[in-house]
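Colleague: I am new to this structure and would be grateful for a guided discussion. May I put some questions to you about its side chains and helices?

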Amino acid sequence: MIDTQHIGLQLPTVRFEVEKGRLRFFAKATGETRPEYLDEAAAKAAGYRSLPAPPTFLMGADLDAGTMTALLDTLGVPIGRILHGEQSFTYHAPVCAGDALSVESKISDIYSKKNGALEFIVKDSLIKDAQGKTVVEARSVIVFRNPQEKSA
Amino acid sequence: MSAPCRDLVKVDQELPPLQLPRISRTTLALFAGSSGDHNPIHIDIDFAKAAGMPDVFAHGMLSMAYLGRFLTRWAPQMQLRQFAVRFAAITPVCAKLTCTGKVAEIIQRNGEVLARLDIGVVDDKGEVKLAGEALVALA
């Protein structure tokens, strides 16, 4: 069982700069070929300040910073046993290349289902711009499968 | 591309589906690198087998990224207000996915008219991999 005393745990704030090269790499990996996601002039013509970060791109902030790996270590969860259960984003303002963001995350819930065969970790994040305004809210639900078995 | 017009968007209207090419191991490697999700369960078959899986499987966020492409083809990304999914089943490597969606209702919120879309990702056997919803502001 994951110790529920971790509910409320505030994770270290992550700084994340949205880079054009990374956005183009993400576009390549996801089959995105539309010019506003690849070419700055086309992005500006479409009304963006620069290349827009696609809707799910900001997941990379916590991942790059190793926040998720450190969290799993803290909770005693082996990475080979997790699945992504749910993900949501609420958008307040566009995020574009050049933006310097900070991500503030906390563990808002830990619970189990199926007599403990599955455990759930809920992480809520506020993604803020350089002025401290929240531009995106994100919620991740991570599933830990078969927690009673010896680690993989 | 302009935002869908409230006068033209109707409940039950289907969005044009987005068919994706078969998911290759190369796709998973590129997505691992570009997304920042380096969990070896998606890129290293030895690790996946040791963890009790038959093979590597796709990142859930790859399918959600495809759904993001699907949504932003229907409406410019700056119209997207909310995007939520539940991952219903593992997507094995070599799966062939399609994104689908339809208008579930039209609502008003914060002075905007929004389409609430039911969206999903299915494989070529019809198995639902992701299901969720999105809120898109209409013009």
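Colleague: Over the ring of which residue does the charged end of A:K113 sit?
Modeller: The model is a predicted one. In it, the charged end of A:K113 is 5.0 Å from the centre of the ring in question. A charge is counted as sitting over a ring only within 6 Å of the ring centre, and the ring here belongs to A:F120.

Colleague: Is A:F120 buried or exposed?
Modeller: Residues under 20% relative accessible area count as buried. The relative accessible area of A:F120 is 10%, and therefore A:F120 is buried.

Colleague: How many aromatic pairs does a search of the whole structure find?
Modeller: A pair of aromatic rings is described by the distance of the centres and the angle of the planes. Over all chains, the number of aromatic pairs found is five.

Colleague: What kind of aromatic pair do A:F26 and B:F31 form?
Modeller: The ring centres of A:F26 and B:F31 are 5.8 Å apart, and their planes make an angle of 50 degrees. Planes under 30 degrees apart would count as stacked and those over 60 as edge-to-face. The pair of A:F26 and B:F31 is accordingly described as tilted.

Colleague: Why does the pair of A:F26 and B:F31 join two chains, and in which helix does B:F31 lie?
Modeller: A:F26 belongs to helix 1 (residues 20-29) of chain A, whereas its partner is in chain B, so the pair joins two chains. Both residues count as buried, A:F26 because its relative accessibility is 3% and B:F31 because its relative accessibility is 1%. The two also belong to one aromatic cluster with A:F16 and A:F57. The helix that holds B:F31 is helix 1 of chain B.

Colleague: How are helix 1 and helix 3 of chain B oriented to each other?
Modeller: Helix 1 (residues 25-35) and helix 3 (residues 60-74) of chain B pack with their axes 10 Å apart, at an angle of about 90 degrees. Angles of 65 to 115 degrees count as roughly perpendicular. Helix 1 and helix 3 of chain B are therefore roughly perpendicular.

Colleague: Which residues of helix 3 of chain B make the contact with helix 1 of chain B?
Modeller: From helix 1 of chain B, the contact involves B:T27, B:L28 and B:F31. The residues of this contact comprise six nonpolar, one polar and no charged. Those contributed by helix 3 of chain B are B:M61, B:L62, B:A65 and B:Y66.

Notes. Residues numbered from 1 in each chain as written. Chains lettered and ligands numbered in written order. Predicted model: local features only at pLDDT ≥ 70, side-chain atom pairs only at ≥ 80, totals over all residues. Heavy atoms only, no water. Axes fitted to C-alpha atoms, helices over the stretch in contact; angles between N-to-C directions. Helix = DSSP H or I, 4+ residues; strand = E, 2+ residues; numbered from the N terminus. Parallel < 35°, antiparallel > 145°, perpendicular 65-115°, else oblique. Contact = heavy atoms within 4.5 Å. Nonpolar A, V, L, I, M, F, W, Y, C, P; charged D, E, K, R; others polar. Phe/Tyr/Trp six-rings, centres within 6.5 Å; stacked < 30°, edge-to-face > 60°. Buried < 20%, exposed > 50% of the residue type's maximum accessible area, 1.4 Å probe, protein only. Lys NZ or Arg CZ within 6 Å of the ring centre and 35° of its normal.
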